[in-house]
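This report describes the fold of one protein chain for a reader who is new to structural analysis. Please keep the sequence and the structure in view while reading.

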Amino acid sequence: MKPLEEIFKESVYKSGRRALQPMPASLAADADAILGDFVVGTTLRLRLGFLADEFYEDTGVVWVVDDTGYGFGFSLHVSVRRGDTLTALANGIQEYISEFADTWGAALPPCPGHSHPMSSVAQGDTAWWVCP
C-alpha cells in the first residue's frame, strides 16, 4: 500500500497533465444557470470545466476560468440528492467569485435590499437562493 503523500503527489502530477473537460451533461445547464446568477450586471465572462477524479467516480474538480486564464477550482461530490449537488456547486462558486477583478469584494449573488449575498439551500432535487 502506498503512503498517502505519494498518492497525493502522483494525483497532482497526473491531473496537471489531463485536459479539462466540459461539465458533466447532467449538471451543465444547471451549472451555467448558477454561474449566470453571479455575473449578472458585470462584464465578467467565465467558463466552467471539470476534471473528474481518477479514483472516485462521483467526485471531481470544477474549474471556473475567465478570459485571461485566471480562475479557481473546487472539489465537487455529485450527491445522490440533486439539490445537495446544486447547493455544493453554488457554494463553491460563491466562495471564490469575488476574487475576480470585475467582482472584487462584491456580495454575490446580490440579496435584494441587503448588503450581504444570498445563500443557497437544497430542497429535494432543486436548490434555491434565499436571504440568510
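Thr 85 counts as buried, because its relative accessibility is 2% and the cut-off for a buried residue is under 20%. The model in which this residue is seen is a predicted one. Thr 85 belongs to helix 3. Leaving aside residues up to four places away in sequence, Thr 85 touches Leu 27, Leu 76, His 77, Val 78 and Ser 79.

**The chain as a whole**

The chain contains three helices and five strands. Read from the N terminus, the order of these elements is α-α-β-β-β-α-β-β. The chain has 132 residues, of which 30% count as buried. Among contacts with a separation of 6 or more, 44% come from residues 24 or more positions apart.

Three strands make up an open sheet in the order 1-2-3, with antiparallel pairing. Strand 1 and strand 3 stand at the edges and have a single partner strand each, so one side of each lacks a neighbour in the sheet. From one strand to the next, the twist averages 25°.

How many bridges join strand 1 to strand 2? Strand 1, which covers residues 46-52, pairs with strand 2 in the antiparallel sense over seven bridges. One of the residues involved is Phe 50, whose bridge partner in strand 2 is Val 62.

Trp 63 has Gly 73 as its bridge partner in strand 3, and Val 61 has Ser 75. Strand 2 and strand 3 form a hairpin with four residues between the strands, in which Gly 69 takes a positive phi near 95°.

Is strand 2 largely enclosed or left open? Strand 2 spans residues 59-66, and six of its eight residues are buried, so the strand is largely enclosed by the rest of the structure. As a general point, the side chains of a regular strand alternate between the two faces of the sheet.

**Helices on the sheet**

Strand 1, strand 2 and strand 3 are all touched by helix 2, residues 25-39, which packs on the sheet. The direction of helix 2 makes about 140° with that of strand 1. Helix 3, residues 82-96, packs on the sheet as well and touches strand 2 and strand 3. Its direction makes about 155° with that of strand 3.

**Aromatic pairs**

The structure holds five aromatic pairs. In general, such a pair is described by the distance of the ring centres and the angle of the planes. Ring pairs link Tyr 70, Phe 72, Phe 74, Tyr 96 and Phe 100 into a cluster. Two of the pairs are described here.

The rings of Tyr 70 and Phe 100 have centres 5.3 Å apart and planes at 90°, so this pair is edge-to-face. The pair links distant parts of the chain, 30 residues apart: Tyr 70 lies in the loop between strand 2 and strand 3, and Phe 100 lies in the loop between helix 3 and strand 4. For Phe 72 and Phe 74, the ring centres are 6.4 Å apart and the planes are at 25°, so the pair is stacked.

The table gives the accessibility of the residues in these pairs.

| Residue | Relative accessibility | Class |
|---|---|---|
| Tyr 70 | 40% | partly exposed |
| Phe 72 | 8% | buried |
| Phe 74 | 10% | buried |
| Phe 100 | 0% | buried |

**Cysteines**

How many disulfides does the structure hold? The structure holds zero disulfides. Cys 111 is in no disulfide, and the nearest cysteine sulfur, that of Cys 131, is 3.6 Å away. Cys 111 is buried, with a relative accessible area of 4%, whereas Cys 131 counts as partly exposed at 44% relative accessibility.

Technical notes:
Residues numbered from 1 in each chain as written. Predicted model: local features only at pLDDT ≥ 70, side-chain atom pairs only at ≥ 80, totals over all residues. Heavy atoms only, no water. Buried < 20%, exposed > 50% of the residue type's maximum accessible area, 1.4 Å probe, protein only. Helix = DSSP H or I, 4+ residues; strand = E, 2+ residues; numbered from the N terminus. Pairing = 2+ DSSP bridges. Disulfide = S-S within 2.5 Å. Axes fitted to C-alpha atoms, helices over the stretch in contact; angles between N-to-C directions. Contact = heavy atoms within 4.5 Å. Phe/Tyr/Trp six-rings, centres within 6.5 Å; stacked < 30°, edge-to-face > 60°.
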